[in-house]
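The sequence and structure are shown first.

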Amino acid sequence: MYAVTFHCPGFSFLQYVLVYWSGPPAVPDPPTGLQAINITDTRALLLWRPALAAIDNYIIAYGSENGPEVTISVSGNAAAQQLEQLQPSTGYSVTITSHLGDRKSAGATTAFITTGGRGGDGPKDLTASQVTPRSAVLTWKPPSSKVSGYKLQYAIEGQAFQDVFVGADLREHKLLRLRPGSKYLVRLQSDMGGVYTEAITTEFTTGDLRFPFPSDCSQELLNGVQESGLVEIFPLGQASVPVSVYCDMETDGGGWTVFQRRVNGKVNFFRPWKEYVNGFGDRSEEFWLGMGHLPYCIFFLICSVSDGSNSSNRSCLPILYLFYQYLYPSTYG
């Protein structure tokens with residue numbers, strides 16, 4: 001609200017003017033529920049739920065990993081679009097956005113794989129079993145024809161597929177490092193010397209965890225993990241890049257995020273400062289996690305360095321010195 005004063009001889013008027021500003025122009029409503037159905041070797045039908053408010057048009061962008069991206073515009077009243085002239089046995093990613101004038105919405109995405117369309121008979125009875133929050137075992141029956149191997153693809157519903165190539169003599173494959181509480185789609189094709197048979201599919205949903213995106217090993221312990229080993233943690237939350245760490249689930253009740261491990265002398269620890277910032281070594285054996293990851297972790301320091309005897313009495317001062325040098329670099333010029 002603004003106050004404006006007018007002056008006339010012998011009079012003074014004070015008038016208040018209300019000015020409303022609703023902020024920058026709102027973006028259009030996005031389409032939702034994008035999916036691909038009726039998938040063949042060269043075609044797929046896209047369906048979506050239209051934007052809530054009126055828009056000018058939709059822009060659909062789709063493409064494969066090895067091909068160019070194709071962009072098409074369809075009416076703002078549309079809720080389906082047929083894609084044609086696709087490549088067989090190919091994974092495609094699709095994004096659709098609403099447009100109103102020069103403004104556009106956030107994108108709705110999906111992914112699909114075209115069928116092989118040719119080749120011999122494929123595998124049968126693809127099944128997911130032993131499903132946990134982070135793993136699942138896939139089994140299938142082999143085809144009667146001789147195959148070079150299998151192409152297995154899996155993805156969280158609506159996201160891009162990941163490829164796994166499995167040997168011809170195998171009848172099962174265990175998926176690891178899955179996301180808890182997520183629905184997965186799986187496709188399996190026989191590789192007939194570079195030609196893929198029509199895919200068979202299945203789906204499964206991983207179980208929930210108390211901490212689906214653990215920030216450290218203590219939360220992974222609360223998730224029920226009792227054995228020491230490699231684990232993915234999310235130091236900055238769900239949206240952050242995961243970090244592979246070694247969790248000690250045995251010392252003093254477990255739940256320790258290990259930032260240094262020296263067991264057999266295979267890794268050279270006499271390295272420049274930059275490598276101590278980034279990390280080095282094999283995290284399943286000897287390693288230094290990296291100073292860049294440590295500011296995100298809150299932990300108690302346990303220093304137990306064995307010298308080959310039954311004692312563990314070496315000083316922790318070198319490690320504490322590294323922390324201090326990283327956190328206060330100006331102290332060291």
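## Strand pairing

Strand β11 (residues 124-129) pairs with strand β12 (residues 136-141) in the antiparallel sense, over 4 bridges. Two strands count as paired if DSSP finds at least two bridges between them. Alanine 128 has leucine 138 of β12 opposite it. The two strands make a hairpin with 6 residues between them, and glutamine 130 in the turn has a positive phi of about 50°. β12 also pairs with strand β15 (residues 172-175), again in the antiparallel sense and over 4 bridges. Here threonine 139 has glutamate 172 in β15 as its bridge partner.

The model is predicted: local features need pLDDT of at least 70, side-chain atom pairs count only at pLDDT 80 or more, and totals for chains, interfaces and linings use all residues. Residues are numbered from 1 along each chain as its sequence is written, and side-chain values use heavy atoms, with hydrogens and water left out.

## The chain as a whole

The protein chain has 3 helices and 23 strands. Helices (H or I, at least four residues) and strands (E, at least two) are DSSP runs, numbered from the N terminus. Of its 333 residues, 36% count as buried. Buried means under 20% relative accessible area, exposed means over 50%, and partly exposed lies in between (1.4 Å probe, protein chains only).

The accessible surface of the protein chain comes to about 19800 Å², and carbon and sulfur atoms hold 52% of that area. Accessible areas come from the Shrake-Rupley method with a 1.4 Å probe; for residues, only the protein chains shown count as cover. Among contacts in the protein chain with a separation of 6 or more, 52% join residues 24 or more positions apart. A contact means heavy atoms within 4.5 Å.

## Nonpolar cores

In soluble globular proteins, nonpolar side chains tend to be buried together. A nonpolar core is a set of buried Ala, Val, Leu, Ile, Met, Phe, Trp, Tyr and Cys residues joined through side-chain atoms within 4.5 Å. The largest such core has 19 residues, and Leu46, Trp48, Ile60 and Phe112 have the most contacts inside it. Two or more residues each are given to this core by β3 (32-37), β4 (44-49), β5 (57-64), β8 (91-100) and β10 (108-113). Leaving aside neighbours within four places in sequence, phenylalanine 112 is in contact with residues including Ala36, Ala44, Leu83, Leu86, Tyr92, Val94 and Phe161. A second, separate core of 18 residues includes Cys247, Met249, Phe259 and Val267.

## Disulfide

Cys247 also takes part in a disulfide with cysteine 217, the sulfur atoms being 1.9 Å apart. With a disulfide defined as a pair of cysteine sulfur atoms within 2.5 Å, the count is 1. This pair links distant parts of the chain: cysteine 217 is in helix α1 (residues 217-222) and cysteine 247 in strand β19 (residues 243-248), 30 residues apart. The torsion about the S-S bond is about -80°, so the disulfide is left-handed. Cysteine 217 is buried, at a relative accessible area of 0%, and cysteine 247 is buried, also at 0%.

## Salt bridges

The structure holds 6 salt bridges, where a salt bridge is a side-chain nitrogen of Lys or Arg within 4 Å of a carboxyl oxygen of Asp or Glu. The table gives some of them.

| Lysine 141 | Aspartate 125 | 3.2 Å |

Aspartate 125 is partly exposed at 48% relative accessibility.

Arginine 177, in the loop between β15 and β16 (183-191), and glutamate 232, in strand β18 (residues 229-233), are 55 residues apart. Glutamate 232 is partly exposed, with a relative accessible area of 24%. Arginine 271 counts as partly exposed at 31% relative accessibility, and glutamate 275 counts as partly exposed at 30%.

## Positive phi outside glycine

Arginine 177 is not a glycine, yet its phi is positive, near 55°. Arginine 177 is exposed, with a relative accessible area of 59%. Aspartate 252 also is not a glycine and has a positive phi, of about 45°. Aspartate 252 lies in the loop between β19 and β20 (256-258) and is exposed, with a relative accessible area of 65%.
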